[in-house]
Amino acid sequence: MTSSGMPAKTARIVAALGLGLAATALGTATPAAAQPVPATAHAGYTGSAQEAANNKAFFDAVMKSVAEKQAANPGLQSVTVTYNPSAAPTFSSQIASAASIWNSSVSNVKLSATSGTGDFSYREGNDSRGSYASTDGHGSGYVFLDYAQNQQYDSVRVTTHETGHVLGLPDHYEGPCSELMSGGGPGTSCTNSSPDANERAQVDQLWANGFAKALAKVNQAR
């Protein structure tokens with residue numbers, strides 16, 4: 001799926017949650033709660049080096065976008081990543097919950113909703129690959145939330161996991177349910193939607209040291 005306003009040839013960089021959903025013929029206009037979920041939809045997934053690189057590319061694009069705003073407004077006291085949730089109305093409560101979870105978990109970066117152009121946005125629909133984060137590499141990215149996947153797995157966990165990619169965390173499918181970034185690895189019974197202590201520390205480190213370097217690079221280029 002090509003994002004709205006992007007050239008048709010724009011390369012998608014996809015960071016899938018990694019649940020290997022089979023393709024399903026679901027109506028795009030039907031909300032998630034009404035979608036049937038096939039019993040055979042789940043398949044195991046181990047991830048790949050390419051997806052790890054894609055996850056990092058998404059984070060780098062978001063950080064670049066935020067650093068450019070910070071450089072243009074040096075008086076800003078905090079680092080804020082903005083998002084527009086309007087294209088994913090079915091998941092408005094899950095998106096708000098994901099932002100709240102991350103905002104209460106980390107100190108060096110905050111998520112804030114906007115009705116305008118944010119550092120990224122959320123979208124919804126049907127995709128056989130499930131939910132994922134996508135960017136064109138220039139700070140114009142989005143988190144896609146798949147209807148069927150969000151019925152099969154805990155929807156707040158799915159949304160918070162994908163938002164974790166925005167903040168720089170890679171997938172770790174072999175981890176336990178207590179790890180948010182283990183995604184679908186622990187199976188559909190896992191409902192944990194909070195990052196563990198290690199994941200929280202990783203995000204804070206990335207948005208301290210990593211962001212300082214990104215900001216210095218943007219300022220140097222000006």
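**A disulfide-linked loop and a nonpolar core**

At 27% relative accessibility, Cys177 counts as partly exposed (buried is under 20% relative accessible area, exposed over 50%, partly exposed in between; 1.4 Å probe, protein chains only). Cys190, at 3% relative accessibility, counts as buried. The model is predicted: local features need pLDDT of at least 70, side-chain atom pairs count only at pLDDT 80 or more, and totals for chains, interfaces and linings use all residues. Residues are numbered from 1 along each chain as its sequence is written, and side-chain values use heavy atoms, with hydrogens and water left out.

The structure holds one disulfide (a pair of cysteine sulfur atoms within 2.5 Å). It joins Cys177 to Cys190, with an S to S distance of 2.0 Å. Both Cys177 and Cys190 lie in the loop between helix 4 and helix 5, 13 residues apart. Helices (H or I, at least four residues) and strands (E, at least two) are DSSP runs, numbered from the N terminus. The torsion about the S-S bond of Cys177 and Cys190 is about 85°, so the disulfide is right-handed.

Glu174 also sits in the loop between helix 4 and helix 5. Glu174 is exposed, with a relative accessible area of 62%. Its C-alpha atom is separated by 5.9 Å from that of Gly185, 11 residues apart along the chain.

The largest nonpolar core has 36 residues. Such a core is a set of buried Ala, Val, Leu, Ile, Met, Phe, Trp, Tyr and Cys residues joined through side-chain atoms within 4.5 Å. Val81, Phe120 and Trp207 touch the most other members. Elements giving two or more residues to this core include helix 1 (49-72), strand 2 (80-87), helix 4 (155-166) and helix 5 (197-221). Helix 1 provides the largest share, seven residues. Val81 has contacts (heavy atoms within 4.5 Å) that include Val62, Val66, Phe120, Val166 and Trp207, not counting residues up to four places away in sequence.

Helix 2 has 14 residues. From first C-alpha to last, helix 2 reaches 20 Å, close to the 20 Å expected at 1.5 Å a residue (1.5 Å times one less than the number of residues). Its buried residues are Gln94, Ile95, Ala98, Ala99, Ile101, Trp102 and Ser105. They cover an arc of only 160° around the axis, which puts them on the same side of helix 2. The arc is that of the directions from the helix axis to the C-beta atoms. An α-helix has 3.6 residues a turn, so residues three or four places apart point the same way. Strand 2, strand 3 (110-113), strand 4, strand 6, helix 4 and helix 5 are among the elements covering the buried residues of helix 2.
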